[in-house]
Amino acid sequence: MASREALRAFQSRLANRLQEARTSGAAAAWLAVEAADARYLFPLSQSGEIFPWRSVQPVPHARPWFLGVANLRGGVSGVVDLGAFVKHVPPASRSELAQSQCRLVTFNEALNINCVVLIDRLMGLKGAESFVASVAPVDDAPEYFGHSYVDSQGVSWQEINLQALAHNSQFLSISA
């Protein structure tokens, strides 16, 4: 019970910081997430709302990384397992505890895509000051990969350009 309260408090603080960053132009530039044991950065200007995990209605004949559709605020949104999509692996089976940490992150409304990405954990907000090095994407990287960043602990973070992802032909092609 205490862990749920701590998680709710963390989510509340994160939501407040996210709102402050959007309205005040604070130094935070990315929403930091974890998916399939990798760390990713979503530009704040391209990300939208964050929802807790909820049941997803499967869609027949869809690719494995397209989990189905979910009802979010009365609208139906496609749900993509980000880790499975990026790493080209089957979606992980998650325990009930792991699902309780999962989040659905929407794309900014301006990107005009009715889809959310499933991530395993929220890691907070990050700014450029959080990192000690950055590397441009390699030539054969997907077009939605931005720079890779390394933090002071040596952990690598991959920026995901959600606008480029929203226009990626593989991402838009969900049929198996």
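Visitor: Is Glu-49 buried, partly exposed or exposed?
Guide: Happy to start there, with the reminder that this is a predicted model. Glu-49 has a relative accessible area of 36%. Buried would need a value under 20% and exposed one over 50%, so Glu-49 counts as partly exposed.

Visitor: Which residue forms a salt bridge with Glu-49?
Guide: Side chains of opposite charge can pair when their charged atoms come close. For Glu-49, the closest N and O atoms of the pair are 2.6 Å apart, inside the 4 Å limit for a salt bridge. The partner is Arg-73.

Visitor: How many residues apart in sequence are the parts that this pair ties together?
Guide: Glu-49 belongs to strand E3 (residues 47-52). Arg-73, exposed with a relative accessible area of 67%, sits in the loop between strand E4 (66-72) and E5. The parts tied together by Glu-49 and Arg-73 are therefore separated in sequence by 24 residues.

Visitor: Is Asp-81 buried or exposed?
Guide: Asp-81 is part of strand E5. Its relative accessibility is 2%, and the cut-off for burial is under 20%. Asp-81 is therefore buried.

Visitor: The side chain of which residue makes a polar contact with the side chain of Ser-77?
Guide: Ser-77 lies in strand E5 (residues 75-81) and is buried, at 7% relative accessible area. Beyond four places in sequence, Ser-77 touches several residues, including Gly-68, Val-69 and Val-116. The polar contact between side chains, at 3.2 Å, is with Asn-114.

Visitor: And the side chain of Glu-159, with which side chain does it make a polar contact?
Guide: Glu-159 is in strand E11 (residues 156-160) and counts as buried at 15% relative accessibility. Among the residues in contact with Glu-159 are Leu-41, Pro-43 and Tyr-144. Its side-chain polar contact, at 2.9 Å, is with Trp-30.

Visitor: Which residues have the most contacts inside the largest nonpolar core?
Guide: This core has 30 residues.

Visitor: How many residues are in the second, separate core?
Guide: This second core includes Phe-51, Ala-70, Leu-72 and Val-116. Ala-70, Leu-72 and Val-116 are also among the residues touched by Ser-77. The size of the second core is 9 residues.

Visitor: How far apart in space are Val-117 and Gly-78, C-alpha to C-alpha?
Guide: Val-117 is found in strand E7 (residues 115-119) and is buried, with a relative accessible area of 1%. The contacts of Val-117 include Phe-42, Val-80 and Phe-107. Val-117 and Gly-78 are 39 residues apart in sequence, while their C-alpha separation in space is 8.4 Å.

Key: Residues are numbered from 1 along each chain as its sequence is written. This is a predicted model: local features need pLDDT of at least 70, side-chain atom pairs count only at pLDDT 80 or more; totals for chains, interfaces and linings use all residues. Side-chain values use heavy atoms; hydrogens and water are left out. Helices (H or I, at least four residues) and strands (E, at least two) are DSSP runs, numbered from the N terminus. Buried means under 20% relative accessible area, exposed over 50%, partly exposed in between (1.4 Å probe, protein chains only). A polar contact is a pair of N or O atoms within 3.5 Å; within protein, one must be able to donate a hydrogen and the other to accept it, and residues adjacent in sequence count only if both atoms are side-chain atoms. Contact means heavy atoms within 4.5 Å. A nonpolar core is a set of buried Ala, Val, Leu, Ile, Met, Phe, Trp, Tyr and Cys residues joined through side-chain atoms within 4.5 Å. A salt bridge is a side-chain nitrogen of Lys or Arg within 4 Å of a carboxyl oxygen of Asp or Glu.
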